[in-house]
Amino acid sequence: MIAAVAAAVLMLSACTEIRLAGPMSSKTLLTINNESCSVAEAIFRLMEVRDYYKADEDDMFWYRAIGDITFDEYIKESVKDEMLKITSSVLMSDEMALYITEEEQNQIISDATAAYTDLSDHYDLAKYDITLDTAIDLYTKQAYYDKVFNKLSENINLEISEADTKVIEVNYVEIPVSVSINEAEDFRKEVKNGTSFQTACERYGWEPVLNRVLMKGMMPESFEYIAYALTDGELSEIVETTECLYVIQCIEDYMISESVANNNQVMSAARKALFDEHYSKFAEGVLLRFNDSAWEKISVPEL
């Protein structure tokens with residue numbers, strides 16, 4: 001249930017004028033129009049993240065730098081962004097006529113209860129005004145976020161083809177453009193006649209790239225066009241570019257597990273980008289009130 005969100009990029013606040021209309025309760029972290037998120041909900045999520053990384057026994061993980069901030073600061077900003085998004089999603093779901101069913105609500109209560117019980121073993125939840133209702137409210141917002149996210153991106157898989165996410169393994173060599181096509185062709189014939197790719201490169205004084213795993217976008221388009229058309233064991237014709245000549249040898253034309261993982265990653269990124277696009281449009285003109293004073297007092301709870 002821990003959302004993977006970009007740290008330090010608070011899209012709603014970046015797109016929206018923050019207008020404070022009087023003091024906020026110390027227990028309220030933010031309101032967006034008529035929807036709110038409590039300080040206790042944010043702390044509960046921070047506890048979940050902390051618990052998720054508890055396997056790092058020396059605890060130094062939390063003090064490693066990510067850019068100019070420590071990891072605990074990164075997590076805190078990520079959770080802030082998440083609270084903005086999941087709270088907004090409650091309002092977005094209403095506009096999209098997306099509702100939580102009784103069965104889904106029962107599952108939310110079950111999941112929230114399990115999380116609440118688990119964290120109770122590590123933290124004094126009452127110290128932070130966290131109750132079971134806090135967990136249920138948080139998980140309900142998360143469920144609305146999931147509904148909106150899934151609805152907006154339900155057709156993404158139709159737009160991303162297997163060919164776009166296929167992962168291959170190749171040997172190749174970059175031959176200087178000063179080398180004649182005839183010499184490059186002689187090299188290619190040696191490999192085609194049985195000389196190993198590495199041995200042939202050594203004979204010509206060229207540095208081969210061996211067993212390179214490639215995804216789309218890692219090499220020039222002219223290279224990829226040829227490389228992705230090769231089958232296992234096949235050797236390419238000479239590929240000419242303005243920078244060099246290439247000869248490519250395909251080792252594996254479809255790495256199954258790597259291709260599946262890449263497909264999932266590409267689809268996840270595309271879905272997130274689509275959600276963020278709609279989220280930014282929704283954010284224009286909403287009334288956001290954020291309790292900076294309460295937020296500054298929050299730290300990632302210690303186990």
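## Exercises on a predicted chain

Among contacts (heavy atoms within 4.5 Å) in the chain between residues at least 6 apart in sequence, 77% join residues at least 24 apart. This is a predicted model, in which local features need pLDDT of at least 70, side-chain atom pairs count only at pLDDT 80 or more, and totals for chains, interfaces and linings use all residues. Residues are numbered from 1 along each chain as its sequence is written, and side-chain values use heavy atoms, with hydrogens and water left out.

**Exercise 1.** Find how confident the predictor is in this chain.

*Solution.* Start with pLDDT, the predictor's confidence in each residue, from 0 to 100. Its mean over the chain is 88, and 87% of the residues reach 70 or more. Next, look at residues 1-21: here the pLDDT is below 50, and the stretch has 54 contacts in the model beyond near neighbours in sequence.

**Exercise 2.** Work out the surroundings of K76.

*Solution.* Second, check burial: K76 is buried (under 20% relative accessible area, 1.4 Å probe, protein chains only). Third, look for a salt bridge (a side-chain nitrogen of Lys or Arg within 4 Å of a carboxyl oxygen of Asp or Glu). K76 has none; E77, the nearest side chain of opposite charge, is 6.1 Å away. Finally, beyond neighbours within four places in sequence, K76 contacts L46, W295, E296 and I298.

Methods
Buried means under 20% relative accessible area, exposed over 50%, partly exposed in between (1.4 Å probe, protein chains only). Lys and Arg count as positive and Asp and Glu as negative; His and the chain ends are not counted.
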